[in-house]
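The entries follow in the order I made them.

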Amino acid sequence: MSRVAYVNGRYVPFVDAAVHIEDRGYQFADGVYEVMAVRDGRLADLELHLDRLDRSLVELHMETAMSRRALAVVFEEIVRRNRVANGIVYLQMTRGVAKRDHAFPHNCKTSVVVTARNVPPRPAAIIEKGVRVVTVPDIRWKRCDIKSVSLLPNVLAKQRAKGAGAYEAWMVDEDGHVTEGSSTNAWIVERSGDLITRHLDNAILSGITRMVVSDLAMKQQRRLVERPFTLEEAEAASEAFLTSTTSFVTPVVQINDVSVGTGTPGPVTQALHDLYDEHLSGQ
Ligand code: PDD
């Protein structure tokens with residue numbers, strides 16, 4: 001079966017899908033994106049992703065390419081046409097095509113691209129054994145709350161993790177606080193059982209998985225404290241984990257060369273993993 005992409009109003013064969021060389025996404029990374037999970041052919045947490053998309057667009061003074069309803073129709077169609085059962089939908093909107101000039105162009109039409117693909121199930125070892133993260137300095141700009149396609153520091157961080165044989169890189173700010181991962185949010189479980197994850201501000205992305213897992217944790221009467229935590233606190237925690245649309249809830253058992261807790265996935269992480277999995281299945 002050949003893949004299909006949605007590009008500016010048309011469904012086109014994936015191999016032919018293209019945008020213009022003067023698209024501002026290509027020249028300035030002047031655009032935003034969303035990654036949504038597909039479980040059993042259905043999109044997970046669509047409204048939450050559309051809310052975040054709207055916010056990113058507003059923050060960058062960018063017009064939306066189409067209504068929420070129209071976007072939802074395209075997402076469903078792209079899932080159907082690509083026969084996605086379990087995988088992801090990727091949406092990107094950029095400010096459009098214009099002569100290269102930094103300031104916003106006049107009468108520019110927002111470009112929109114939507115793709116979808118199946119993602120094979122993750123190796124069971126990731127959940128059963130957990131993963132290692134390495135730490136890198138957080139060298140990003142001061143608007144990490146916007147889901148912008150400008151991801152170069154994140155790319156470099158993930159490559160550092162890959163080179164070190166780790167699953168993810170956790171970024172540490174100038175005060176020694178862990179902000180988030182290169183494409184995931186970071187969490188620890190203190191010895192008291194309290195869950196800690198950084199509060200929402202301009203230093204991190206408001207992850208949809210973070211939001212859903214926070215709700216699930218609170219429904220379980222768990223205490224959740226949203227505050228910055230240091231690398232030393234993370235190393236001394238009883239558990240750690242990371243969350244994202246593509247990583248779900250993933251136990252972190254080692255930070256650099258330091259084992260977290262027992263060095264195996266802990267009960268709180270496992271419980272949240274299972275609850276989040278039920279959440280995805282129940283949509
Ligand atoms: N990344 N922080 C960053 C910097 C991210 O890029 C992401 C998502 C998250 C988690 O957000 P969510 O739970 O909504 O997926 C946190 C996506 C998956 C990506 O870039 O592929």
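**Entry 1: cavity search.** I am working on a predicted model. How many cavities of 30 Å³ or more does a search of the whole structure find? I got 1. I then looked up the space in the largest cavity, and it is about 40 Å³.

**Entry 2: cavity lining.** Which residues line the largest cavity? I listed Ala-37, Ala-44, Asp-45, His-49, Ile-208, Thr-209, Thr-245, Tyr-276 and Leu-280. Two elements give two or more residues to this lining: helix 6 (208-219) and helix 8 (267-281). I sorted the lining of the largest cavity by class and noted 5 nonpolar, 3 polar and 1 charged. I also checked the domains. Domain 1 (4-118) and domain 2 (124-280) each supply at least three residues to the lining of the largest cavity.

**Entry 3: helix 6 with helix 8.** I needed two values here, because two packed helices are described by the angle between their axes and the distance between the axes. For helix 6 and helix 8 I read an angle of about 110°. Their axes are 10 Å apart. Angles of 65 to 115 degrees count as roughly perpendicular, so helix 6 and helix 8 are roughly perpendicular to each other. I logged their crossing as right-handed.

**Entry 4: helix 2 with helix 6.** I stayed with helix 6 and took helix 2 as its partner. At what angle do helix 2 and helix 6 pack? I noted about 130°, with the axes 10 Å apart. That angle makes helix 2 oblique to helix 6. Helix 2 passes helix 6 in a right-handed crossing.

**Entry 5: helix 2 with helix 3.** I then paired helix 2 (residues 46-59) with helix 3 (residues 68-81). The packing angle of helix 2 and helix 3 is about 125°. I have their axes at 11 Å apart. Helix 2 and helix 3 are therefore oblique to each other. The crossing in which helix 2 passes helix 3 is right-handed.

**Entry 6: second largest pocket.** How many residues line the second largest pocket, and which lie nearest its centre? I recorded 13 lining residues. Nearest the centre of the second largest pocket are Asp-138, Arg-140, Trp-141, Lys-142 and Asp-173. By class, I put the lining of the second largest pocket at 7 charged, 4 nonpolar and 2 polar residues.

Conventions
Residues numbered from 1 in each chain as written. Predicted model: local features only at pLDDT ≥ 70, side-chain atom pairs only at ≥ 80, totals over all residues. Heavy atoms only, no water. 1 Å grid on protein atoms, 1.4 Å probe; cavity = no way out; pocket = protein on both sides within 12 Å on 5 of 7 lines; lining within 4 Å. Points joined across faces, edges and corners; volume = space filled by probe spheres on them. Helix = DSSP H or I, 4+ residues; strand = E, 2+ residues; numbered from the N terminus. Nonpolar A, V, L, I, M, F, W, Y, C, P; charged D, E, K, R; others polar. Domains from an automatic or database assignment. Axes fitted to C-alpha atoms, helices over the stretch in contact; angles between N-to-C directions. Parallel < 35°, antiparallel > 145°, perpendicular 65-115°, else oblique. Left-handed = near helix turned anticlockwise from the far one by under 90°.
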